[in-house]
Amino acid sequence: MTAARAPRPAAAPDRDQVRKTAVRLLSSSSRNSYDPDLDIDWDAPVELDMKFMPLERTSLYGTKLWDRMTEEQRYELSRQELASVASTGLWFEIILIQMLARWAYHQDPQDPRTQYALAEIGDETRHVLMFAKAIARLGTPTYRPPNLVHQLARLYKATARGPALFAPVLVAEEITDRLQRETVNDETVHPLVRMVSRIHIVEEARHVRFAREEVARQMANLGFVGKIVTNLSSAIVASFVASSLISRDVYAAVGLDPDEATKAARSNPNWHESRRWMAEKIMGFLDEQGMLTWYTRPIYELAHLI
Ligand SMILES: [Fe+2]
Ligand SMILES: [Fe+2]
């Protein structure tokens, strides 16, 4: 086990710097936002004999089970897994909407940071609608995280504050962002999925910027105990979210045995590698902030985020 080896973070932004960023992000939001209802052609036909995400990023790619699957089943798995990622993203966006509203309740509404949080609630509301509509259009169910995770999330969204509020959000946003960036560039992926991803990437870039500055500012002001609580709770929440990305129900939808497929996915080095790749950038940032420590690294490793 290596000891904590976080590089010293660059000087943390102060409240005024984050305010300046918030002003800039607010102006970018008003100039460059989408209305998914109008900007997406929802009436275009959805052909099923296409990929819905890059096949090599699916949870079974590279396994013996994958070798036995027909091409049709592989495409179908990409459709169901994409729906599962979108469902988990949507679920976490609803959590974020509630947390941002709870945070804004305590802030001065004249502060640009508060105003940006409110603008972000608007973005996320449109994203939830967009993902819900996309899942419906793909003809897939809304996948839900396991009941235990659903219940634990109720506690998290009611109590999280400071960096423990923003850091797991960043992990959720940045891992899906990396997958979406690859999806947008893959011309063999279904155009509806690529359009939804494109809209999400543009708006998420602002959320990531804001949350990264808030995490850096707030981490610099935390005491010893506060840091331990924050680091631990962030690692646990982020790992639960990452582990909920692919529901085990997707396998039955593809005609596979859920037990066999879940086991194959859990021990699939290719899927582990994909998860580490999705988390690479955000884990670098958490390391800079001193959030990857001897007691949080094993949690992230267990979730294959590092
Ligand atoms: Fe979003
Ligand atoms: Fe977001």
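Visitor: Why are Glu-173 and Glu-204 called buried?

Guide: Buried means under 20% relative accessible area, with a 1.4 Å probe and protein chains only (exposed is over 50%, partly exposed in between). Glu-173 and Glu-204 both fall in the buried class, as does Glu-93. The model is predicted, so local features need pLDDT of at least 70 and side-chain atom pairs count only at pLDDT 80 or more, while totals for chains, interfaces and linings use all residues. Residues are numbered from 1 along each chain as written, chains are lettered from A and ligands numbered from 1 in written order, and side-chain values use heavy atoms, without hydrogens or water.

Visitor: What makes a residue a donor of the iron ion (ligand 2)?

Guide: A donor is an N, O or S atom within 2.8 Å of the metal (3.2 Å for Na, K and Ca). Water is not among the atoms, so the site may look incomplete. Along the chain the donor residues follow E-x48-E-x30-E-x2-H. Glu-173 sits in helix α7 and Glu-204 in helix α8, so this pair ties together parts 31 residues apart in sequence. Helices here are DSSP runs (H or I, at least four residues), numbered from the N terminus.

Visitor: Which residues are the protein donors of the iron ion (ligand 1)?

Guide: Glu-93 (OE), Glu-124 (OE), His-127 (ND1), His-200 (NE2) and Glu-204 (OE) lie 2.0 to 2.3 Å from the iron ion (ligand 1). Their spacing is E-x30-E-x2-H-x72-H-x3-E. Glu-93 in α4 (residues 71–105) and Glu-204 in α8 (residues 191–220) are 111 residues apart.

Visitor: Which residue bridges the iron ion (ligand 1) and the iron ion (ligand 2)?

Guide: Glu-124 does, and the two ions lie 3.5 Å apart.

Visitor: Why is a space in this structure called a cavity?

Guide: On a 1 Å grid over the protein atoms alone, a cavity is a set of points where a 1.4 Å probe fits but cannot get out. The structure holds one of 30 Å³ or more.

Visitor: What makes up the lining of the largest cavity?

Guide: Lining residues have an atom within 4 Å of a point. There are 31, with Val-85, Ala-86, Phe-131, Thr-176 and Gln-180 nearest the centre of the largest cavity. Helix α4 supplies the largest share, ten residues. The lining divides into 20 nonpolar, seven polar and four charged residues; Ala, Val, Leu, Ile, Met, Phe, Trp, Tyr, Cys and Pro count as nonpolar, Asp, Glu, Lys and Arg as charged, and the others as polar.

Methods:
Helices (H or I, at least four residues) and strands (E, at least two) are DSSP runs, numbered from the N terminus. On a 1 Å grid over the protein atoms alone, a cavity is a set of points where a 1.4 Å probe fits but cannot get out, and a pocket is an open set with protein on both sides within 12 Å along at least five of seven lines; lining residues have an atom within 4 Å of a point. Grid points are joined across faces, edges and corners, and a volume is the space filled by probe spheres set on the points.
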